[in-house]
Amino acid sequence: MTQIHLLGLCGALRSGSTNRLLLHEAARLFGPATFAEASLRLPLYDGDVEAQHGIPQEVQDLAQQIIAADAVLIAGPEYNKGISGVLKNALDWLSRGNQRPWAGKPVAIMSAAAGRAGGERMQVMLRSCLNPFQPRVLPGPEVMIAASDQAFDAAGQLKDPRSTETLSALMARLRDEIALARAAQP
Ligand SMILES: Cc1cc2nc3c(=O)[nH]c(=O)nc-3n(C[C@H](O)[C@H](O)[C@H](O)COP(=O)(O)O)c2cc1C
């Protein structure tokens with residue numbers, strides 16, 4: 001397989017985000033590949049802005065990054081039982097225009113959250129929000145990191161070997177899915 005390029009979307013903007021750590025852990029465990037994180041620091045979706053100025057350049061750039069990636073990793077916190085506004089806003093903007101960046105794209109989702117469920121409800125909502133765009137979202141294994149502020153060591157690696165094992169299994173599935181997606185390309 002030629003060089004694989006992974007793109008990460010982090011549902012939290014803060015610099016110390018544990019979901020960003022989780023994205024980097026996922027990329028490390030995936031193995032040989034390039035990894036870049038996209039910026040979700042986008043303007044709030046506003047139909048007037050779209051009508052007057054079209055789709056903002058940063059949204060178009062994000063769509064192009066997704067199109068160019070072999071697979072997308074999405075990690076996000078659970079905010080009040082759902083996905084963060086940052087992530088929802090990005091999905092809403094990406095649904096505009098006719099580029100269809102998600103169509104057929106291999107996607108692995110994961111969450112890190114303060115609560116004991118590790119963001120499980122966020123993942124349910126995220127699957128539901130992605131479904132209309134028809135990406136190849138992996139069904140599992142589910143990676144949900146609870147008490148995420150305690151879950152990573154000083155090097156940014158997951159402390160719990162079972163979490164590492166589950167994330168490794170998800171990345172192995174993603175590698176298989178990328179191969180299938182590449183084989184399906186005309
Ligand atoms: C507005 C807000 C709502 C939150 N709601 C939840 C929640 O419903 N469930 C939960 O487990 N944690 C909740 N949290 C805590 C987050 O899980 C915690 O801040 C987490 O570390 C955020 O991820 P990050 O480290 O990537 O920023 C909430 C935090 C904020 C700021």
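Trainee: Where does proline 141 lie?
Mentor: Proline 141 is in the loop between strand E5 (136-137) and strand E6 (143-145). Keep in mind that this is a predicted model.

Trainee: And what kind of peptide bond joins glycine 140 and proline 141?
Mentor: A cis one, with omega at about 5°. Most peptide bonds are trans.

Trainee: Which loop is glutamine 134 in?
Mentor: The one between helix H5 (120-130) and E5.

Trainee: Is glutamine 134 buried or exposed?
Mentor: Glutamine 134 counts as exposed, because it has 12 C-beta neighbours inside 10 Å, and the cut-off for exposed is 12 or fewer.

Trainee: What about phi of alanine 147?
Mentor: Alanine 147 has a positive phi too, near 40°. You'll find alanine 147 in the loop between E6 and helix H6 (161-184).

Trainee: How many other C-beta atoms are within 10 Å of alanine 147?
Mentor: There are 13, so alanine 147 is partly exposed.

Trainee: Which residues point which way from E3?
Mentor: Ala71, Leu73 and Ala75 point one way, while Val72, Ile74 and Gly76 point the other way. All of them are buried.

Trainee: What does E3 pair with?
Mentor: Strand E1 (residues 5-10) pairs with E3 in the parallel sense over 5 bridges. E3 also pairs with strand E4 (residues 106-112), again parallel and over 5 bridges.

Trainee: And which residues stand opposite alanine 75?
Mentor: Cysteine 10 stands opposite alanine 75, and in E4 the bridge partner of alanine 75 is methionine 110.

Trainee: How does the chain cross from E3 to E4?
Mentor: Through helix H4 (residues 85-94), in a right-handed β-α-β crossover.

Trainee: Zooming out, how many helices and strands are there in the protein chain?
Mentor: The protein chain has 6 helices and 6 strands. From the N terminus on, the order is β-α-β-α-α-β-α-β-α-β-β-α.

Trainee: What radius of gyration does the protein chain have?
Mentor: It has 16 Å, and that agrees with a compact globule of 186 residues, which would have a radius of gyration near 16 Å. The C-alpha trace spans about 50 × 40 × 25 Å along its principal axes.

Trainee: What share of the residues is buried?
Mentor: Buried residues make up 37% of the 186. As for contacts between residues at least 6 apart in sequence, 81% join residues at least 24 apart.

Trainee: Last topic, the ligand. Which residues come nearest?
Mentor: Ser17, Asn19, Pro77, Ala113 and Gly115 come nearest, out of the 17 residues around the ligand.

Trainee: How does that shell divide into nonpolar, polar and charged?
Mentor: The residues around the ligand come to 6 nonpolar, 7 polar and 4 charged.

Definitions and conventions
Residues numbered from 1 in each chain as written. Predicted model: local features only at pLDDT ≥ 70, side-chain atom pairs only at ≥ 80, totals over all residues. Helix = DSSP H or I, 4+ residues; strand = E, 2+ residues; numbered from the N terminus. Buried ≥ 20, exposed ≤ 12 C-beta atoms within 10 Å, placed from the backbone. Pairing = 2+ DSSP bridges. Right-handed = clockwise from strand over helix to strand, strands pointing away. Near = placed C-beta within 6 Å. Nonpolar A, V, L, I, M, F, W, Y, C, P; charged D, E, K, R; others polar. Rg over C-alpha atoms; globule rule 2.2 N^0.38 Å. Contact = placed C-beta atoms within 7 Å.
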